[in-house]
Number of protein chains: 2
Amino acid sequence: MARVLTPRAEDFPRWYQDLIAKAQLADNGPVRGTMVIRPAGYSIWERMQAEMDARIKIAGAENAYFPLFIPESYLKREAQHVEGFSPELAVVTHGGGKQLSEPVVVRPTSETVIGEFMAKWVDSYRDLPLLLNQWANVVRWELRPRIFLRTSEFLWQEGHTAHATEEDARSYARKILHEVYEDFMVGVLGIPVVVGRKTNRERFAGATSTYTLEGMMGDGKALQMGTSHELGQNFAKAFDISYSAASGGVEHAWTTSWGTSTRMIGGLIMSHGDDNGLRVPPRLAPIQAYVMVVKDGDGVTAAAHKLRDALRDAGVRVGLDDRVDTAFGRRAVDAELKGYPVRIEVGPRDLAAGNAVVARRYDGSKTPVPVADVVGRVLAVLEEDQQRLHDEALAFRESHTVEVSNLADAIAATATGWARVPWSAIGVDGEAQANGQGVTVRCLVRADGSVPGSQEEPELVAILGRSY
Amino acid sequence: MARVLTPRAEDFPRWYQDLIAKAQLADNGPVRGTMVIRPAGYSIWERMQAEMDARIKIAGAENAYFPLFIPESYLKREAQHVEGFSPELAVVTHGGGKQLSEPVVVRPTSETVIGEFMAKWVDSYRDLPLLLNQWANVVRWELRPRIFLRTSEFLWQEGHTAHATEEDARSYARKILHEVYEDFMVGVLGIPVVVGRKTNRERFAGATSTYTLEGMMGDGKALQMGTSHELGQNFAKAFDISYSAASGGVEHAWTTSWGTSTRMIGGLIMSHGDDNGLRVPPRLAPIQAYVMVVKDGDGVTAAAHKLRDALRDAGVRVGLDDRVDTAFGRRAVDAELKGYPVRIEVGPRDLAAGNAVVARRYDGSKTPVPVADVVGRVLAVLEEDQQRLHDEALAFRESHTVEVSNLADAIAATATGWARVPWSAIGVDGEAQANGQGVTVRCLVRADGSVPGSQEEPELVAILGRSY
């Protein structure tokens, strides 16, 4: 087969760009740093949304929608927040043909405007917790844009909640971290994320605790796949989100925020893609099984339609390719690029023998299967390959992570993967030194893998890596 | 029951604002003309999206996402288009702390940027038709904003398609009009829209034909609920969307665009709302049946939970209110405001007699029903009241529409509703005159109710009204 993509080993960033272009996932937009998400890419995002949205609703949050435009003055009310976001803002100065009296910023995130409305809606402890989420676009001006990973506009969900107590806020931020994000990323995306705590240096602008999920990409770098923040009372004080307590008296609420974005599509590509294209885990895949007519003749197309219908009836998300006027080889290359988990190739010769060929995207294997057994075989493959993709990514992560005991070794190890090093051997000074060499502490975890409550806990492990 | 809303007959616009505030559907945003869609309102939008999106996919269009920011120069390429939208643009002049070399506009609609990419993606006749849709926010600076109806930012879907021939483009614009929009609005929203053609004067900026769906609101005014446009080759020429034809030679494509927005929520409120609040048609309702614990005692809460589960198992979208620490009267008023189609009130006295009370939002009737029969009764009521809401709106429209033969009578009739008048008795001069008095030709229809191919056809009927 002719080479379709630049091989990963040759030039990983080029492979990434090639794959996105050739699988028709996205294009660069006309304004620097923006992107066009094409149907093949957007259908993956729709599946991510559906899976995430269901989990968010189970966690009790309700969807709402807040405005794109935020008065510039709102951003300034929380000191760290404005400092963090100012360099990335897009500013609207003219509306309806006139100069605006106060410029408005295009939301980079919505803590401020949602804080303003939480303050209006929360009156008594009975109104808490207030659990909101929105699916929206946000804008952060990017100097070094990279499609899906860092774009000036991206799509995301941002959750924002207010609670009566710090304990309740903490517990909810962690519930989202584990029950929504980790569950989705491990169980559906098949990406064995490490869940940990950001150092104070890497914390979200305005947060008191930032929790993160870090995935290892195919080149050994780290991608922050999602974050969940405790905001303490910082925004509650800045926007006066207060409530009358059951015990009497007026208290400030405790808030959280948490987000995941179209960046996850980049993580999916770089976790599971191979030199032939994308590999989409079956549970995520918009098209799980792709029935292809190799060439027409002797009832082939009719048989393919029957298989399509049978798979659909069995609950499989199925696509059909009967474009026999295009060469089969070209269509097969395209199906590999797009990463459909299973292809069912129906051609005259196999069909004459009562078979169709089941091709697994996971390992490229092809097996003739009696037509009557195809549905059962496909169901089994979808189940197996979901697990195999996850396990392969986990094995890769483990083989590209080393345990070291000092900063120099940790930094050296990030040339090919991650380093695990005692946080006490690094500390905030070592962290700053690593940053100077392009290496970051991706997160802190406890020795047992659980998520620390602060960076001052004893015996924490720091995970260092280079990142996107 | 105490008066909750300003009655419609007293002050319709005030009633509308009251309802939106008290049913907690939406708030005004901090930047003039923007809105915050609260969970009760957003859940309605999610149901609209789900129903519409399924129909759009059946019509063959695929979802994609194009950037929020459009270079100002793009807007200028289609002369009528820029003229139509210039007064409404929001302009970003600063990004990342610097003045931009070319200002970018926040999309008011996406014909231009999508045209640019269609030109890249379309090469041969095999690439056509290209059928795209996106769910997105758009911005049109509004001088007289009104929540849901005219807001500076709103949410919508915008479809954009390219075709090889004018006939194919026309047929697709009409397919969307009838099979997606009319089917949804009549069948799910229960709003008996009139489907017709806009006059040349009312056409979309850059279109050759604009088709519209007009609903009559509870005050007799018209609301444009959605539009579908043939764009001819205007955008194809401006953006060079061309293809090599099967017969050889290079041709410009023919394009369409079509959209519906959160404005439909305003239409829903003003079509079906009454003096007690919203009435949501059952097929649309996020919560179709609302099980309420009147007060606790003697297994009431357990019985309510069982009913909730039984309804859910029967496929009903069900909510449960067991907040017995809040007065039942207040909760019932709130349920009426939010417009849940059926309430099932479970209290100790009725339950002792083996009953629950089924309350229909459509007409306020309440009937004790044996607990074992509740599910069946609810299913029947949901079916009936979907139809009854539609029929009531249709009867209202018919009783508020008069047939007249001249412009003066038509304008007079728009004080209370719509006028149907021969288009030949008005013409473009009469249309301009009507506009001067705040009256517009909402659409042109044929005598048999079908949609005209041009405003020059003989024997067309013009429908005149005042509009939102």
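The model on display is predicted: local features need pLDDT of at least 70 and side-chain atom pairs count only at pLDDT 80 or more, while totals for chains, interfaces and linings use all residues. Residues are numbered from 1 along each chain as its sequence is written, chains are lettered from A and ligands numbered from 1 in the order in which they are written, and side-chain values use heavy atoms, with hydrogens and water left out.

**Stop 1**

Remain at B:Phe148, which has a positive phi of about 70° although it is not a glycine. At 1% relative accessibility, B:Phe148 counts as buried; the term buried means under 20% relative accessible area, exposed means over 50%, and partly exposed is in between (1.4 Å probe, protein chains only).

Next, select B:Leu25, B:Met48, B:Leu189 and B:Ile269 together with B:Phe148. Of the 64 residues in the largest nonpolar core, these five touch the most other members. Helix α6 (residues 166–187) of chain B gives the largest share of this core, eight residues. A nonpolar core is a set of buried Ala, Val, Leu, Ile, Met, Phe, Trp, Tyr and Cys residues joined through side-chain atoms within 4.5 Å. In soluble globular proteins, nonpolar side chains tend to be buried together.

Now centre the view on B:Leu189. Leaving aside neighbours within four places in sequence, B:Leu189 has contacts that include B:Met48, B:Phe184, B:Met264 and B:Leu284; contact means heavy atoms within 4.5 Å. A second, separate core of 62 residues includes A:Leu25, A:Tyr172, A:Val180 and A:Met264.

**Stop 1: helix α10 of chain B**

Select residues 328–338 of chain B, which form helix α10. Its buried residues are B:Arg331, B:Ala332, B:Val333, B:Ala335, B:Glu336, B:Leu337 and B:Lys338. Which elements do the buried residues of α10(B) pack against? They pack against α1 (12–22), α2 (39–58), β15 (289–293), β16 (318–321) and β17 (342–346) of chain B. Just after α10(B), B:Gly339 takes a positive phi of about 80°.

**Stop 3**

Select A:Leu268 in helix α8 (residues 263–272) of chain A. A:Leu268 is buried, with a relative accessible area of 0%. Beyond four places in sequence, its contacts include A:Ile44, A:Met48, A:Leu189 and A:Pro281.

Move to A:Thr255, which is found in strand β14 (residues 254–261) of chain A. Is A:Thr255 buried or exposed? A:Thr255 is buried, with a relative accessible area of 3%. Not counting residues up to four places away in sequence, A:Thr255 touches several residues, among them A:Thr161, A:His229, A:Phe235 and A:Ile241.

**Stop 2: backbone features in loops**

Select A:Gln24, placed in the loop between α1 (12–22) and β1 (26–28) of chain A. A:Gln24 has a positive phi of about 55° although it is not a glycine, and it is partly exposed, with a relative accessible area of 35%.

Then select A:Pro129, in the loop between α5 (111–121) and β7 (130–139) of chain A. The peptide bond from A:Leu128 to A:Pro129 is cis, with omega near -5°. In chain B, the bond from B:Leu128 to B:Pro129 is cis, with omega near -5°.

**Stop 3: the interface of chain A and chain B**

Finally, show both chains. The contact takes 52 residues from chain A and 52 residues from chain B. The area buried between the chains is about 4100 Å², of which carbon and sulfur atoms give 64%; buried area is the accessible area (1.4 Å probe) that two parts lose on being put together, summed over both. In chain A, select A:Pro30, A:Tyr65 and A:Phe69, which lose the most area to chain B, together 16% of what that side buries.

How many salt bridges are there between chain A and chain B? The count is four, a salt bridge being a side-chain nitrogen of Lys or Arg within 4 Å of a carboxyl oxygen of Asp or Glu. To view a salt bridge, select B:Lys57 and A:Glu46, whose closest N and O atoms are 3.1 Å apart. Strand β5 (residues 90–95) of chain A gives the most to the side of chain A that touches chain B, with six residues.

Technical notes:
Helices (H or I, at least four residues) and strands (E, at least two) are DSSP runs, numbered from the N terminus.
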